[in-house]
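The following report describes selected features of one protein model.

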Amino acid sequence: MHKFKIHTDSACDISTELLKELDIECCPLSFKFDRDKESIYDGNMPANHFYARLASGEKATTSAVNKSRFIRSFEETLGSGNDILYLGFSSALSACYNSARLAAQELSEEYPEERIHIVDTLSASAGQGMLIFLAARMRDRGYDAKMTEDCIRGIIPHMCHLFVVDDLTYLQRGGRIGSTTATVGNLLGVKPLLTVDNSGRLTLLSKVRGRRGALNSLADSFGALMCDATDEIFISHANCPGDADELSRIIRDRYQRSVTLITEIGSVIGSHTGQGTLALFFIGKQRPTKHKQK
């Protein structure tokens, strides 16, 4: 049985330090502010600096990891005698998964055995990160790459993503909502509660008023979806650690569940959601579906 190494991309929003501790190989996406000449790898700019520039009105665009970068990363692992399990950013939101798949196809001529396992997590941010965290645990318990892949594929339909954004402008720039909706929503203090659905796409669940309403809506939805398998709970935030701590407290007090990890939303995800985004991730009964409108 071959040993294997877990690969991912930086859309997982797991810190470099934790990825190193878990022995995860991570290929970074990149971003670029309009006034800059060069792209910057995700993680190479301090989060507070990035969000300060975003809040000042600068616009950032992002780029996926390309096939060549994945080939270099995969070849290093294969050359050391290890198999690969790649857990990638949702194919509905990025080209990373397809780039990794094409890289694996190209390398299959040199490495003919089924040694590269490519999984579309249909997830993003710390939802993707939680799947990586769980895969590392399985690896450490002696699972091989195929066993781990099968288990992760079974978890994906239950990987719940719940998040709210503070400023609708960023979703409007990405074409998720119209300009009128963004303007009116910002004026009225409306916060959309969003999820990543079973196809890996962003979906609106409901609309709430104000920051306190957003925190309570996240906690209420957690309560509706939690189950016996809800052991790990991750929170990610875009430069709003106080809100992340408050959400953690609400979940602890209301449901007697402890948050496992609080992590920062990186520059690539943050380019599309903006400062103040707060997200909650856990394994639930099922991925949430759109609420019926009254």
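## An exposed residue

Asn48 counts as exposed because its relative accessibility is 52%, and exposed residues are those over 50%. The model discussed here is predicted.

Asn48 is found in helix α2, which covers residues 47-55. Although Asn48 and Asn239 are 191 residues apart in sequence, their C-alpha atoms lie 6.6 Å apart in space.

## The four-stranded sheet

Four strands form an open sheet in the order β2-β1-β6-β7, and their pairing is parallel. At the edges stand β2 and β7 (116-120), each of which pairs on one side only. On average, neighbouring strands of this sheet are turned by 20° against each other, direction ignored.

Helix α3 (residues 67-79) packs on the sheet and touches β1 (4-9), β2, β6 and β7. The direction of α3 makes about 145° with that of β6. Helix α5 (residues 125-140) also packs on the sheet, where it touches β1, β2 and β6. The direction of α5 makes about 175° with that of β1.

Strand β1 is mostly covered, with six of its six residues buried. Phe4, Ile6 and Thr8 point one way from the strand, while Lys5, His7 and Asp9 point the other way. Residues on both sides are buried, the term for a relative accessible area under 20%.

With β6, β1 pairs in the parallel sense over four bridges; the bridge partner of Phe4 in β6 is Asp83. With β2, β1 likewise pairs in the parallel sense over four bridges, and Asp9 stands opposite Cys27 in β2.

Further across the sheet, β6 (residues 83-88) and β7 pair in the parallel sense over five bridges. There, Gly88 has Asp120 of β7 as its bridge partner.

## The largest pocket

The largest pocket has a volume of about 620 Å³. It is lined by 25 residues, of which Ile14, Ser15, Thr16, Asp42 and Gly43 are the closest to its centre. The elements that contribute two or more residues to this lining are α1 (16-22), β2 (24-27) and β12 (261-264).

Helix α1 gives the most to the lining, with four residues. By class, the lining of the largest pocket comprises 12 nonpolar, eight polar and five charged residues.

Methods:
Residues are numbered from 1 along each chain as its sequence is written. This is a predicted model: local features need pLDDT of at least 70, side-chain atom pairs count only at pLDDT 80 or more; totals for chains, interfaces and linings use all residues. Side-chain values use heavy atoms; hydrogens and water are left out. On a 1 Å grid over the protein atoms alone, a cavity is a set of points where a 1.4 Å probe fits but cannot get out, and a pocket is an open set with protein on both sides within 12 Å along at least five of seven lines; lining residues have an atom within 4 Å of a point. Grid points are joined across faces, edges and corners, and a volume is the space filled by probe spheres set on the points. Ala, Val, Leu, Ile, Met, Phe, Trp, Tyr, Cys and Pro count as nonpolar, Asp, Glu, Lys and Arg as charged, and the others, Gly among them, as polar. Two strands pair if DSSP finds at least two bridges between them. Axes are lines fitted to C-alpha atoms, for helices over the stretch in contact, and angles run from 0 to 180 degrees between N-to-C directions. Contact means heavy atoms within 4.5 Å. Buried means under 20% relative accessible area, exposed over 50%, partly exposed in between (1.4 Å probe, protein chains only).
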